[in-house]
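This report looks at strand pairing, a nonpolar core and a pocket. Keep the structure open while reading.

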Amino acid sequence: EHQVGDWLNLGVPIAVPANRDRRVEISAEISEGAARSDVSRQRVTLVLDRNAPQVTPPEAGPRSVNPAAKPRIRLHCQATDGSEGSGVEHVEFVVGFDQNGNNQLDQTERQPPWRASGEERLYQADISLTDDKKEGIYLVEAVAYDRAGHRAASQTLGSFEARIPPAAAKNRSTFGGSEEKDKLFDGKKGKK
């Protein structure tokens, strides 16, 4: 407990190991008057957040979609900022078509980010493909931001594949061959 006459001169030493986050609760009581009868009490939590949040590689479901059907793809990941950190403020998913086939999201491939919903570790977003209907691999990056402004991207990219399935065969016959069909129809012609 420290008594101070001037808030500008308040100095409370707090030991914080290097490269560690620290959360400290401070209680203050301000009293005025000769009898100190006017009392105000405040409690604040101070956070020294030195580290970026952690985010897992994103996952997509379904893993294979038909782009012509304008599918909805659910992206999800986990993000945390540690028990002493300031907390995850939000998570974004960055999606892009891997046009170079290099399994990296190049600047030209990135679409505008999709903001995820969620809290307390689990974050998800439902996205739809753009109207270009490209076939191939789409890469997904998860990016987490904490309340102190630190940013962290997933170390590994997620992915899903967009491909248009082959057209279904039209009017497949259940008969073995044309001779079999002819026998059936010839037999029916004579009967009435």
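## Nonpolar core

A nonpolar core is a set of buried Ala, Val, Leu, Ile, Met, Phe, Trp, Tyr and Cys residues joined through side-chain atoms within 4.5 Å. The model examined here is predicted. Its largest nonpolar core has 23 residues. Ile 73, Leu 75, Val 91, Phe 93 and Phe 160 touch the most other members. Strands β6, β7 (88-97), β10, β11 (136-146) and β13 (158-162) each give two or more residues to this core. β7 gives the most, with five residues. In soluble globular proteins, nonpolar side chains tend to be buried together.

Val 91 has contacts beyond its sequence neighbours. Not counting residues up to four places away in sequence, Val 91 touches Cys 77, Ala 79, Trp 114, Arg 115, Ala 116, Tyr 123, Val 143 and Ala 144.

## Strand pairing

Strand β10 (residues 121-128) runs antiparallel to strand β6 (residues 72-80), and eight bridges join them. Ile 73 stands opposite Ile 127 in β10.

Strand β9 (residues 117-119) is also antiparallel to β10, joined by three bridges. Ser 117 has Gln 124 in β10 as its bridge partner. β9 and β10 form a hairpin with one residue between them. Glu 120, in the turn, has a positive phi of about 55°.

## Second largest pocket

The second largest pocket has a volume of about 230 Å³. Of its 13 lining residues, Gly 87, Val 88, Glu 120, Tyr 123 and Arg 147 are the closest to its centre. Glu 120 is also the residue in the hairpin turn.

β6, β7, β9 and β10 each give two or more residues to the lining of this pocket. By class, the lining has six charged, four polar and three nonpolar residues.

Conventions:
Residues are numbered from 1 along each chain as its sequence is written. This is a predicted model: local features need pLDDT of at least 70, side-chain atom pairs count only at pLDDT 80 or more; totals for chains, interfaces and linings use all residues. Side-chain values use heavy atoms; hydrogens and water are left out. Two strands pair if DSSP finds at least two bridges between them. Helices (H or I, at least four residues) and strands (E, at least two) are DSSP runs, numbered from the N terminus. Buried means under 20% relative accessible area, exposed over 50%, partly exposed in between (1.4 Å probe, protein chains only). Contact means heavy atoms within 4.5 Å. On a 1 Å grid over the protein atoms alone, a cavity is a set of points where a 1.4 Å probe fits but cannot get out, and a pocket is an open set with protein on both sides within 12 Å along at least five of seven lines; lining residues have an atom within 4 Å of a point. Grid points are joined across faces, edges and corners, and a volume is the space filled by probe spheres set on the points. Ala, Val, Leu, Ile, Met, Phe, Trp, Tyr, Cys and Pro count as nonpolar, Asp, Glu, Lys and Arg as charged, and the others, Gly among them, as polar.
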